Amino acid sequence: WRVPDEVAVPLFTGQLGAVTLSAGRYKAEVLEARPALTAPIPRTSPGCRARFCDAACGLNAARFAAAAEVTAIDGAAVTLTLPPATLPDFIGGRLRWLEGELRGLWSDVVAVEAGALVLAVPPALPIDTPTRVQVVEGCDHMLSTCASRFANAVNFRGEPHLPGMD
């Protein structure tokens, strides 16, 4: 700054934050460059990156939800008053407790075994049966499922036709 004709030697690049004047001196806040370095990196994946029924997916969860009652609980296995043929649609979905000590909480559904939905984590508290629940279908995040089962391929958020890393 004393010799403006000299070539500048950059010692730091970044941004200044708040600049204040206190007791006749300027004080400048130097912002870190870290946020730019930790920003999410765009990525590709063969599967959809949207969460089922979120804004990117564009589907309404109410269309894929069902009311049921829990008739039995054995560890993480929950037997419901739903037709057994419909249970596979709920794999990868969620179960919301509408009554009892777990009212309002959600449980992830990971499998179907012996006519019951299997939760990722068994209920932490005793549940009286029958108990009302809401179950929301799941999605395997594959283009074929998005197109055939949900008719929503236009909102698919993945790149299923890119070659693999091999």
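The dialogue below goes from the overall fold to single residues.

Modeller: Please keep in mind from the start that this is a predicted model.

Biologist: How many helices and strands does the protein chain have, and in what order do they run?

Modeller: The protein chain has two helices and eight strands. Starting at the N terminus, the order is β-β-α-β-β-β-β-β-β-α. The chain has 166 residues, of which 25% count as buried. Among contacts with a separation of 6 or more, 55% are between residues 24 or more positions apart.

Biologist: Which strands make up the closed barrel?

Modeller: Six strands form the closed barrel, in the order β3-β4-β7-β6-β5-β8, and their pairing is antiparallel. From one strand to the next, the twist averages 45°. One of the pairings is that of β3 (residues 65–74) with β4 (residues 77–80), which are antiparallel and joined by four bridges. Within this pairing, V70 has L80 of β4 as its bridge partner.

Biologist: Which residues touch the most other members of the largest nonpolar core?

Modeller: The general idea comes first. In soluble globular proteins, nonpolar side chains tend to be buried together. Here the largest nonpolar core has 16 residues, and those that touch the most other members are L80, L82, L95, W97, L117, V133 and V135. Two or more residues of this core come from each of β3, β4, β5 (94–97), β7 (116–119) and β8 (131–136). L95 shows how such a residue is surrounded: beyond its neighbours within four places in sequence, its contacts include V78, L80, L105, W106, L119 and V133. Another core, of 11 residues, lies apart from the largest one, and C48, C53, F64 and C139 are among its members.

Biologist: How should I read an aromatic pair, and how many are found in the whole structure?

Modeller: A pair of aromatic rings is described by how far apart the centres are and by the angle of the planes. The search of the whole structure gives three aromatic pairs. In one of them, F52 and F64 are 5.5 Å apart centre to centre with 55° between the planes, a tilted arrangement. Both F52 and F64 lie in the loop between α1 (34–37) and β3, so their pair ties together parts that are 12 residues apart in sequence. F52 is buried at a relative accessible area of 15%, and F64 is buried at 8% relative accessibility.

Biologist: Which other ring pairs with F52?

Modeller: F52 also pairs with F150; the ring centres are 4.8 Å apart and the planes are at 45°, so this pair is tilted. F150 belongs to the segment after α2 (143–148), whereas F52 is in the loop between α1 and β3, so the pair ties together parts that are 98 residues apart in sequence. Both residues are buried. Through ring pairs, F52, F64 and F150 are linked into a cluster.

Biologist: How many buried residues does strand β1 have?

Modeller: The count is zero among the eight residues of β1 (residues 15–22), a strand that is hardly covered. Six bridges join β1 to β2 (residues 25–31), and the two run antiparallel. S22 stands opposite R25 in β2.

Notes:
Residues numbered from 1 in each chain as written. Predicted model: local features only at pLDDT ≥ 70, side-chain atom pairs only at ≥ 80, totals over all residues. Heavy atoms only, no water. Buried < 20%, exposed > 50% of the residue type's maximum accessible area, 1.4 Å probe, protein only. Contact = heavy atoms within 4.5 Å. Pairing = 2+ DSSP bridges. Axes fitted to C-alpha atoms, helices over the stretch in contact; angles between N-to-C directions. Phe/Tyr/Trp six-rings, centres within 6.5 Å; stacked < 30°, edge-to-face > 60°. Core = buried A, V, L, I, M, F, W, Y, C linked by side-chain atoms within 4.5 Å.
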